[in-house]
Amino acid sequence: MHFFRYRDHKLHCEDVDLEQVADRVGTPTYVYSATTILDHYSRLDAALAPIDHLICYAVKANSNRAILKLLANAGAGFDIVSGGELFRVLAAGGAPAKCTFAGVGKSREEIDYALEHGVFSLNVESEAELDQIDRIAAEKSLCAPIALRVNPDVDPHTHAYIATGSHENKFGIALYQIGAVYARAAGMANIRVAGVQMHIGSQITEAQPFANAIEKVAPLLRELKSKYGIKFFSIGGGMGIIYQRALESGSGKWWHDHGGEPSAFSVSDYADAIVPPLRDLGIQVLLEPGRFLVGNAGVLLTRVRYIKQTGSKKFAVVDAGMNDLIRPALYQSYHEIAPVIEPNKSKPDKVDIVGPVCESGDFFALDREMSELHEGDLLAIMSVGAYGFVMASNYNSRPLPAEVLVRGDKFALIRKRQTWEDLARGEIDPL
Ligand SMILES: *Cc1c(COP(=O)(O)O)cnc(C)c1O
């Protein structure tokens with residue numbers, strides 16, 4: 001369930017009229033629905049109830065502290081990929097003992113920080129990294145809990161930039177090599193072999209690739225459990241969401257509500273595919289969803305600045321740019337774009353929706369069929385809660401957008417819009 005809908009011809013996030021948010025905070029602004037995030041979290045949690053499990057939200061998808069706090073209060077752990085993310089989790093009141101630390105290039109400082117705070121596990125991606133962790137743990141007279149990231153070599157059927165679980169990716173250690181690395185790890189004085197981790201890709205819309213991967217990894221898990229008493233298996237994240245769906249207009253219907261399922265990815269299919277084989281293993285299961293929890297929970301509000309007609313083409317130039325939301329440029333991703341005020345006489349039109357940045361790749365939609373747009377129209381770019389704001393930059397010296405969190409009929413600014421002064425902060429004139 002995604003809590004965006006038209007009510008009295010105005011797009012609402014939960015019970016908040018998005019036009020009011022734009023009037024108060026300006027545009028471009030990211031708006032997130034707290035209820036949507038918590039709904040997704042509790043559905044996943046309930047579906048996994050038959051097995052001992054921990055949901056570790058992948059912080060990189062959206063790392064605003066208010067969102068981390070929301071999930072920490074709901075009982076979530078966190079999957080972090082940098083010391084900065086651990087810092088944010090701690091600042092949001094998250095428990096380090098529920099944090100797994102992933103990433104192929106952890107620095108000495110980051111490993112230090114993670115060990116000092118007693119993270120649940122460091123997920124290791126190479127032997128060189130394992131040696132480094134053992135050395136640092138020895139200096140601290142600690143025993144570092146680790147999991148190796150296994151690369152099961154499966155095809156997740158997703159975009160090449162977000163596929164991570166085939167042998168051609170930089171991620172993880174191949175199945176045929178991993179037994180030997182575990183043997184080495186088990187012999188290290190300051191390493192405790194705690195689990196196994198995998199993550200096969202992102203925006204995966206079927207349950208089958210997960211089931212295939214578990215099937216490939218299960219013999220290894222059994223062997224490691226009996227040899228070293230491993231305690232957990234992390235199946236990673238990657239559950240996909242809906243990006244493309246006709247808007248339900250008028251009539252107070254929830255935006256892309258379809259039969260109670262929260263996304264393209266069916267939680268019940270997922271649970272049906274993974275729960276039985278995982279239950280048989282008898283170890284704790286970790287999940288690391290990012291996009292699934294927050295993706296559909298966010299929109300980017302933007303206003304049309306100019307309408308421009310050249311030959312047969314029509315452009316709507318909006319005040320958000322690729323620096324605010326890079327997904328269409330980077331992944332050719334599709335985002336639904338909805339007028340915040342539903343036009344009463346819909347006139348069909350075809351338009352490119354582009355930003356003000358000096359790049360041809362600065363667009364949100366090409367040849368999009370939608371009702372005619374006008375200067376000043378307010379638009380909501382849908383499903384941008386994941387990998388939206390976190391990838392925003394100051395390119396073209398554009399200040400970062402504001403972020404707002406909605407819950408029920410209330411909304412709060414959770415990140416101030418940057419100012420021009422912010423842009424030059426930290427820069428030093430050497431003369
Ligand atoms: C990015 C990432 C995730 C989250 O991926 P989603 O597709 O957003 O669910 C989980 N685990 C690891 C190791 C990752 O790198």
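Guide: A polar contact of 3.0 Å links the side chain of Arg43 to that of Asp39. A polar contact is a pair of N or O atoms within 3.5 Å; within protein, one must be able to donate a hydrogen and the other to accept it, and residues adjacent in sequence count only if both atoms are side-chain atoms. The model is predicted, so local features need pLDDT of at least 70 and side-chain atom pairs count only at pLDDT 80 or more, while totals for chains, interfaces and linings use all residues. Residues are numbered from 1 along each chain as its sequence is written, and side-chain values use heavy atoms, with hydrogens and water left out.

Visitor: In which helix does Arg43 lie, and is Arg43 buried or exposed, or partly exposed?

Guide: Arg43 belongs to helix 2 (residues 34-47). Helices (H or I, at least four residues) and strands (E, at least two) are DSSP runs, numbered from the N terminus. Buried means under 20% relative accessible area, exposed over 50%, and partly exposed in between (1.4 Å probe, protein chains only). With 26% relative accessibility, Arg43 counts as partly exposed.

Visitor: Why does the length of helix 6 agree with its number of residues?

Guide: The expected span of a helix is 1.5 Å times one less than its number of residues. Helix 6 (residues 127-139) has 13 residues and should therefore span 18 Å; its end C-alpha atoms are 19 Å apart, which agrees.

Visitor: Which residues of helix 6 are buried, and what do they pack against?

Guide: The buried residues of helix 6 are Glu129, Leu130, Gln132, Ile133, Asp134, Ile136 and Ala137. They pack against helix 5 (108-116), strand 8 (121-124), strand 9 (144-151), helix 7 (175-186) and strand 11 (191-197). Contact here means heavy atoms within 4.5 Å.

Visitor: Where is Asn151, and which backbone atom lies 3.0 Å from its side chain?

Guide: Asn151 is in strand 9 and is buried, at a relative accessible area of 6%. A polar atom of its side chain lies 3.0 Å from the backbone nitrogen of Asp153.

Visitor: How should one read phi and the peptide bonds?

Guide: Most residues other than glycine have a negative phi, and most peptide bonds are trans. Just after helix 6, Ser141 has a positive phi of about 50 degrees. Asp367, in strand 18 (residues 363-371), has a positive phi of about 45 degrees although it is not a glycine. Asp367 is partly exposed, with a relative accessible area of 42%. A cis peptide bond, with omega about -5 degrees, joins Thr27 and Pro28. Pro28 is in the loop between helix 1 (18-25) and strand 4 (29-33).

Visitor: What is the value of phi for Tyr387, and where does Tyr387 lie?

Guide: Tyr387 has a positive phi near 55 degrees and is a residue other than glycine. Tyr387 is found in the loop between strand 19 (378-381) and strand 20 (402-407), and at 10% relative accessibility it counts as buried.

Visitor: How many residues surround the ligand, and which are the closest?

Guide: The ligand is surrounded by 14 residues, the closest being Lys60, Ser202, Gly238, Glu288 and Tyr387. Its shell divides into three nonpolar, six polar and five charged residues. Ala, Val, Leu, Ile, Met, Phe, Trp, Tyr, Cys and Pro count as nonpolar, Asp, Glu, Lys and Arg as charged, and the others, Gly among them, as polar.

Visitor: Which polar backbone atom is 2.8 Å from an oxygen atom of the ligand?

Guide: That atom belongs to Gly238. A nitrogen atom of the ligand lies 3.2 Å from a polar side-chain atom of Asp79, and a ligand nitrogen is 3.5 Å from an N or O atom in the side chain of His199. Of the 390 Å² of accessible area that the ligand has on its own, the protein covers 94%. Accessible areas come from the Shrake-Rupley method with a 1.4 Å probe; for residues, only the protein chains shown count as cover.

Notes
Near = heavy atom within 4 Å.
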